[in-house]
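Work through the two exercises below with the model open. Each task is followed by its solution.

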Amino acid sequence: MLNHLKSGCWALALGVLWLPAAQAQTARPPGAPMARPAQPQTQNGLLLLNSTDGVYTPAKGGGAMKFSFNWPEPAAEFAGLQFSFRVQTFENAYAIDPARTKLERTADHLRYHCQGFTWAGGQEKIAGELTADLQRNADGSVEWRVSARMDRPVKSISTVVRGIPRGQLSLAAENFFDPHDDEQTFEYPQLFGQLATPLVVIKQADGRFFGLSARQTEVRPARYFFQPGPDGYRVELISEQAGWDRRAQIQSCLWHIGAAPTYEAVAKPHFEHVAQAYRLPAYASRPDVPAWLRQTKLVVALHGAHWTGYIFNNYAKQLTILRWVATQIDPKNVLVFLPGWDGRYYWNYPLYQADPRMGGDKGFKQLIDEGHKLGFHFSAMFGTNAANRDWPVYKQFADAATQHIDGDNWDLNWVDWDNDRHGDGLMPVMNVGVASWRNFLRDRIAETISTYHVDSYFLDIAGLWENNPKADMYEGMRTLVADLAQRQPGVVPIAEMHYDALLGFIPMSQVPRYAQYPAGYYTYADAYSHLSRAAPGRGSTGVHEAGFGTYRPVTADQRPIPTITFADDTFDRYRAEVTRDIQTAKARKTPQ
């Protein structure tokens with residue numbers, strides 16, 4: 001079968017470009033590149049590329065959604081790469097029109113000035129404006145911003161870069177992996193986007209590194225799409241407008257890409273920018289870290305009630321455990337973390353009341369009071385963005401239910417609580433940027449602190465940020481923490497699943513980040529293990545939905561604060577393993 005196309009494909013190595021000739025192509029095996037024509041086609045200094053050039057078409061590995069035709073991507077060469085742009089509104093996508101684009105060049109600078117776009121894959125034209133300024137730095141790296149203006153609200157703006165070397169990927173300074181020939185998208189700071197900071201580093205086969213960094217000054221989506229070809233990646237770098245600010249113009253963040261001889265040479269400048277942009281205080285001198293937290297050598301997670309109502313440890317059992325723990329380690333060095341303290345985990349969110357089945361108000365007060373007398377410190381768990389719509393109080397903050405940027409509702413439906421092998425959508429995701437929800441949550445946390453005198457509050461899924469039409473979740477989080485600090489001075493906020501900007505006002509997180517560059521995290525905060533850490537013995541994850549995992553003993557050289565999970569049988573059947581873990585934690589030298 002003949003595949004009649006207006007253009008073939010190109011393949012690219014740095015500094016070498018093959019461009020299509022207008023000719024029919026014969027059928028080829030799936031994933032194979034098209035033939036490499038000898039001469040490029042140009043217009044106004046732009047290479048007339050399209051979206052299928054130089055990449056495996058169809059995808060050789062896992063594929064992503066994309067246009068099913070050749071989308072025009074007129075590109076200019078700069079610093080050994082090729083750059084093009086695409087604008088997305090809420091009703092269509094637009095390419096720069098090469099006939100209405102001018103390039104201005106110097107040796108180390110390139111400026112695009114586009115005075116019109118095409119749409120429908122180049123079949124139609126529309127008025128608009130796009131400007132991009134690219135600068136080559138002394139080290140060979142490239143930085144740029146791109147802005148666009150139309151007669152309608154603009155949602156996002158994409159830079160398409162060709163010539164990015166292939167290799168293993170490190171996302172947000174985590175460990176490298178081989179993406180093979182898969183097309184993949186990564187997003188900051190979206191909960192499942194795999195980027196706790198907007199940095200992707202490529203480790204090439206020859207050991208060199210190539211970094212792609214969004215140098216942002218406010219929390220906004222930064223999206224990376226990697227599309228492999230035989231000689232390199234076609235990468236889309238996408239900046240998205242604030243969902244609550246629909247304007248007819250957009251300016252991207254400052255993008256920075258370039259090669260470097262070491263990982264640190266890529267990561268250090270990125271994290272230095274983050275620290276400056278979000279005013280991250282050094283952990284060694286943070287005023288929001290009390291002395292007792294600095295002395296913490298061990299976290300014990302005493303799991304309460306599961307979503308189904310199954311009780312792992314009631315308040316009396318938890319106090320019994322603590323009295324024993326006090327015989328093994330000085331309680332002043334122990335933080336007691338209480339997931340499921342308020343009865344049915346998640347189902348009871350956002351009531352945050354002592355559970356009658358676990359011992360009620362009297363039992364919970366006794367647990368905290370007696371624990372304090374022994375010397376322990378306590379952290380109670382709260383859901384930053386989860387509320388059961390079946391509770392009557394929900395109507396007080398129903399306006400804070402989250403929508404995505406396009407207006408579709410977002411439910412917390414990715415957990416299968418009842419084991420019917422389907423996610424349970426009983427809760428909308430709540431937007432802490434909306435005052436009704438933030439103030440309700442603030443008041444419940446403040447009342448819990450005042451009533452029971454816990455020393456810390458844990459914000460479950462604090463790292464959730466979604467671009468939405470209502471309010472900025474980052475600003476909402478910052479306001480929540482600031483309000484609680486004013487009401488309850490000295491009480492420590494702890495986050496789960498943080499992203500970089502949260503380090504500015506939350507000094508501790510459940511699980512650290514940035515394994516390839518720990519200084520990016522530990523310079524500013526400390527961490528302990530996740531509440532789902534497998535308990536000694538069978539590896540129960542307690543109230544968490546993960547079920548059972550593999551128990552791994554505490555090690556003397558681990559960097560996160562050692563954490564021991566107490567599930568239903570931990571204290572009664574596996575005390576020997578707990579004792580060993582406590583002794584290891586005591587011997588561990590506390591990092592300074």
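The model is predicted: local features need pLDDT of at least 70, side-chain atom pairs count only at pLDDT 80 or more, and totals for chains, interfaces and linings use all residues. Residues are numbered from 1 along each chain as its sequence is written, and side-chain values use heavy atoms, with hydrogens and water left out.

**Exercise 1.** Determine which residues of α9 are buried and what they pack against.

Step 1. Helix α9 (a DSSP run of H or I, at least four residues) covers residues 575-587.

Step 2. Because they cover an arc of only 160° around the axis (taken from the directions from the helix axis to the C-beta atoms), they lie on the same side of α9.

Step 3. Ala576 and Ala587, on the other side of α9, are exposed (over 50%).

Step 4. The buried residues pack against β25 (298-302), α3 (315-325), β32 (563-566) and α8 (570-573), contact meaning heavy atoms within 4.5 Å.

**Exercise 2.** Give the strand order of the open sheet of 8 strands and identify its edges.

Step 1. The order is β31-β30-β29-β28-β27-β26-β25-β32, with parallel pairing (at least two DSSP bridges between two strands; a strand is an E run of at least two residues).

Step 2. β31 (526-528) and β32 each have a single partner strand, so one side of each lacks a neighbour in the sheet.

Step 3. Within the sheet, β26 (334-338) and β27 (377-383) pair over 4 bridges, and Phe337 has Ser379 of β27 as its bridge partner.

Key
Expected span 1.5 Å × (residues − 1). Buried < 20%, exposed > 50% of the residue type's maximum accessible area, 1.4 Å probe, protein only.
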